[in-house]
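Here's a quick briefing to read alongside the coordinates. Have the viewer open and follow along.

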Amino acid sequence: MRREGIFGMLQRCDKCNAPFSWTEILKSLWWNYRPIHCEKCGAEHKIKFSSRLTFVLLTILPMFFVGYFLAPLHNIMLTFGGAFFVLLTGSFIAPFLVTYREY
Ligand SMILES: [Zn+2]
């Protein structure tokens with residue numbers, strides 16, 4: 001087996017077992033959960049409903065949470081910077097935790 005490090009943890013195609021790319025999954029998440037087509041066999045995969053919630057819990061929710069707590073400091077840069085940083089962190093992790101199913 002080829003060593004793929006952390007990116008080896010990403011989901012693979014249900015049909016041919018080809019790994020999906022991190023960017024492909026991230027694009028799908030930000031593009032309103034657009035279906036992913038396997039690069040190798042073309043099988044269409046749709047996100048599981050529970051994974052939609054996972055994505056929201058990792059990105060949108062922490063962003064508002066951080067924004068809410070930083071807002072009283074009246075430092076716009078800090079508030080937006082903090083919220084943006086949390087959003088980026090969640091976006092980085094999300095592709096590892098979401099699940100797609102062949103449709
Ligand atoms: Zn495939």
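His 74 is exposed, because its relative accessible area comes to 73% (exposed is over 50%, buried under 20%, and partly exposed in between, with a 1.4 Å probe and protein chains only). His 74 also shows a positive phi of about 55° without being a glycine, and it sits in the loop between α3 (60-70) and α4 (76-97). Helices (H or I, at least four residues) and strands (E, at least two) are DSSP runs numbered from the N terminus.

This is a predicted model, where local features need pLDDT of at least 70, side-chain atom pairs count only at pLDDT 80 or more, and totals for chains, interfaces and linings use all residues. Residues are numbered from 1 along each chain as its sequence is written, and side-chain values use heavy atoms, with hydrogens and water left out.

**Another positive phi**
- Asn 17 is not a glycine either, yet its phi is positive at about 70°.
- You'll find Asn 17 in the segment before α1, and it counts as partly exposed because its relative accessibility is 47%.

**The zinc site**
- The zinc ion gets its protein donors from Cys 13, Cys 16, Cys 38 and Cys 41, each through SG, at 2.3 Å (donors are N, O and S atoms within 2.8 Å of the metal, or 3.2 Å for Na, K and Ca; water is not among the atoms, so sites may look incomplete).
- Angles of 106 to 114° between the four donor atoms make the arrangement tetrahedral (for four donors, all angles must lie between 85 and 135 degrees).
- Along the chain, the donors are spaced C-x2-C-x21-C-x2-C.
- Both Cys 13 and Cys 38 are buried.

**His 45**
- His 45 lies in strand β2 and is buried, with a relative accessible area of 0%.
- Its side chain reaches the backbone nitrogen of Asp 14 at 3.1 Å.
- Leaving out residues up to four places away in sequence, His 45 touches several residues, including Cys 13, Phe 20, Tyr 100 and Tyr 103 (contact means heavy atoms within 4.5 Å).

**Helix α4**
- α4 has 22 residues and reaches 31 Å from first C-alpha to last, close to the 32 Å expected at 1.5 Å a residue (the expected span is 1.5 Å times one less than the number of residues).
- Asn 75 caps the N-terminal end of α4, with a side-chain oxygen 3.2 Å from the backbone nitrogen of Met 77.
- Buried residues in α4 include Thr 79, Ala 83, Val 86 and Phe 96.
- The cover over the buried residues of α4 includes α1, α2 (49-58) and α3.

How values were computed:
Tetrahedral: all angles 85-135°; square planar, octahedral: opposite > 155°, others 65-115°. Polar contact = N/O pair within 3.5 Å; in protein donor to acceptor, adjacent residues only side chain to side chain.
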